[in-house]
Amino acid sequence: METINRKALQREILLGFWKIHILHHAAEGPVIGQWMIQELRHHGYEVSPGTIYPMLARMEEIGWITCKTDPAAGLRARKEYSLTHNGREALVFLKKQIGELYREVVLGEEEKENGGI
(Lines give C-alpha, C1' and ligand atoms only; values in the text may rest on other atoms or scores of the structure.)
Protein backbone atom coordinates (compact mmCIF):
# COMPACT_ATOMS: atom_id res chain seq x y z
CA MET A 1 0.00 0.00 0.00
CA GLU A 2 1.30 3.44 -0.92
CA THR A 3 2.07 5.77 1.98
CA ILE A 4 0.40 9.15 2.21
CA ASN A 5 2.43 12.05 0.83
CA ARG A 6 1.87 14.36 3.81
CA LYS A 7 3.48 17.39 2.18
CA ALA A 8 1.16 17.14 -0.81
CA LEU A 9 -1.81 16.59 1.51
CA GLN A 10 -0.88 19.68 3.52
CA ARG A 11 -0.30 21.81 0.42
CA GLU A 12 -3.43 20.71 -1.40
CA ILE A 13 -6.03 20.18 1.34
CA LEU A 14 -5.02 20.85 4.93
CA LEU A 15 -4.08 24.50 4.35
CA GLY A 16 -7.78 25.15 3.86
CA PHE A 17 -8.62 23.36 7.11
CA TRP A 18 -6.06 25.49 8.96
CA LYS A 19 -7.56 28.68 7.56
CA ILE A 20 -11.01 27.59 8.71
CA HIS A 21 -9.61 26.94 12.19
CA ILE A 22 -8.11 30.43 12.20
CA LEU A 23 -11.40 32.02 11.12
CA HIS A 24 -13.27 30.02 13.76
CA HIS A 25 -10.98 31.05 16.60
CA ALA A 26 -10.74 34.65 15.42
CA ALA A 27 -14.56 34.75 15.57
CA GLU A 28 -14.28 33.94 19.28
CA GLY A 29 -11.70 36.67 19.92
CA PRO A 30 -8.28 37.90 18.79
CA VAL A 31 -5.72 35.17 18.09
CA ILE A 32 -1.95 35.21 18.18
CA GLY A 33 0.18 33.30 15.67
CA GLN A 34 2.11 31.27 18.24
CA TRP A 35 -1.12 30.31 20.03
CA MET A 36 -2.62 29.27 16.67
CA ILE A 37 0.38 27.02 15.99
CA GLN A 38 -0.17 25.29 19.34
CA GLU A 39 -3.91 25.01 18.76
CA LEU A 40 -3.42 23.42 15.34
CA ARG A 41 -0.82 21.04 16.77
CA HIS A 42 -3.36 20.09 19.43
CA HIS A 43 -5.55 18.89 16.54
CA GLY A 44 -2.68 16.85 15.07
CA TYR A 45 -1.50 19.32 12.43
CA GLU A 46 2.23 20.01 12.12
CA VAL A 47 2.39 23.73 11.42
CA SER A 48 5.51 25.86 11.60
CA PRO A 49 5.92 29.62 12.03
CA GLY A 50 7.13 29.68 8.40
CA THR A 51 3.69 28.43 7.38
CA ILE A 52 1.37 30.18 9.82
CA TYR A 53 2.64 33.75 9.53
CA PRO A 54 2.51 33.94 5.71
CA MET A 55 -0.95 32.34 5.92
CA LEU A 56 -2.11 35.00 8.40
CA ALA A 57 -0.66 37.71 6.13
CA ARG A 58 -2.56 36.29 3.12
CA MET A 59 -5.77 36.11 5.11
CA GLU A 60 -5.25 39.74 6.11
CA GLU A 61 -4.62 40.75 2.47
CA ILE A 62 -7.84 39.00 1.44
CA GLY A 63 -9.69 40.93 4.14
CA TRP A 64 -10.78 38.05 6.39
CA ILE A 65 -8.75 39.14 9.40
CA THR A 66 -7.13 42.31 10.62
CA CYS A 67 -3.91 42.66 12.56
CA LYS A 68 -3.18 44.94 15.49
CA THR A 69 0.12 45.46 17.25
CA ASP A 70 1.11 47.55 20.23
CA PRO A 71 3.43 50.21 18.77
CA ALA A 72 5.00 50.75 22.20
CA ALA A 73 6.22 47.13 22.24
CA GLY A 74 8.89 47.74 19.58
CA LEU A 75 10.17 45.25 17.02
CA ARG A 76 8.98 42.11 18.80
CA ALA A 77 5.45 43.37 19.33
CA ARG A 78 2.82 40.68 19.61
CA LYS A 79 0.40 40.71 16.70
CA GLU A 80 -3.25 40.01 17.39
CA TYR A 81 -5.50 38.91 14.55
CA SER A 82 -9.23 39.58 14.64
CA LEU A 83 -12.04 38.54 12.34
CA THR A 84 -13.44 41.14 9.95
CA HIS A 85 -16.98 41.38 8.62
CA ASN A 86 -15.80 39.66 5.40
CA GLY A 87 -14.14 36.96 7.48
CA ARG A 88 -17.36 36.36 9.38
CA GLU A 89 -19.30 36.05 6.11
CA ALA A 90 -16.68 33.61 4.79
CA LEU A 91 -16.95 31.54 7.98
CA VAL A 92 -20.75 31.35 7.75
CA PHE A 93 -20.46 30.17 4.15
CA LEU A 94 -17.75 27.64 5.00
CA LYS A 95 -19.76 26.20 7.89
CA LYS A 96 -22.61 25.44 5.49
CA GLN A 97 -20.22 23.82 3.02
CA ILE A 98 -18.55 21.78 5.79
CA GLY A 99 -21.95 20.58 7.01
CA GLU A 100 -22.90 19.45 3.53
CA LEU A 101 -19.54 17.73 3.00
CA TYR A 102 -19.78 16.01 6.39
CA ARG A 103 -23.27 14.70 5.67
CA GLU A 104 -22.18 13.30 2.31
CA VAL A 105 -18.66 12.02 3.04
CA VAL A 106 -18.88 10.95 6.69
CA LEU A 107 -22.54 10.09 7.14
CA GLY A 108 -23.02 8.77 3.61
CA GLU A 109 -26.19 10.75 3.03
CA GLU A 110 -27.11 11.39 -0.58
CA GLU A 111 -27.99 14.89 -1.66
CA LYS A 112 -31.66 15.26 -2.47
CA GLU A 113 -32.18 16.81 -5.89
CA ASN A 114 -35.58 18.15 -6.92
CA GLY A 115 -37.27 16.61 -3.92
CA GLY A 116 -35.13 13.47 -4.57
CA ILE A 117 -34.93 10.13 -2.89
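User: What are the ground rules here?
Analyst: The model is predicted; local features need pLDDT of at least 70, side-chain atom pairs count only at pLDDT 80 or more, and totals for chains, interfaces and linings use all residues. Residues are numbered from 1 along each chain as its sequence is written, and side-chain values use heavy atoms, with hydrogens and water left out.

User: Why are α2 and α3 called oblique?
Analyst: Helix α2 (residues 33-42) and helix α3 (residues 49-62) pack at about 120°, axes 10 Å apart. Under 35 degrees is roughly parallel, over 145 roughly antiparallel, 65 to 115 roughly perpendicular, and the rest oblique. α2 and α3 are therefore oblique to each other.

User: Which residues make that contact?
Analyst: Contact means heavy atoms within 4.5 Å. From α2 come Gly33, Gln34, Met36, Ile37 and Leu40; from α3 come Pro49, Ile52, Tyr53 and Leu56. Seven are nonpolar, two polar and none charged.

User: Why are α1 and α4 called oblique?
Analyst: Helix α1 (residues 6-28) and helix α4 (residues 85-106) pack at about 125°, with axes 10 Å apart. α1 and α4 are therefore oblique to each other.

User: Is the crossing of α1 and α4 left-handed or right-handed?
Analyst: α1 passes α4 in a left-handed crossing. Left-handed means the near helix is turned anticlockwise from the far one by less than a right angle; clockwise is right-handed. α2 passes α3 in a right-handed crossing.

User: Which residues of α1 and α4 meet?
Analyst: Ile20, Leu23, His24 and Ala27 in α1 meet Gly87, Arg88, Leu91, Leu94 and Ile98 in α4. That contact has six nonpolar, two polar and one charged residues.

Note on methods
Axes fitted to C-alpha atoms, helices over the stretch in contact; angles between N-to-C directions. Helix = DSSP H or I, 4+ residues; strand = E, 2+ residues; numbered from the N terminus. Nonpolar A, V, L, I, M, F, W, Y, C, P; charged D, E, K, R; others polar.
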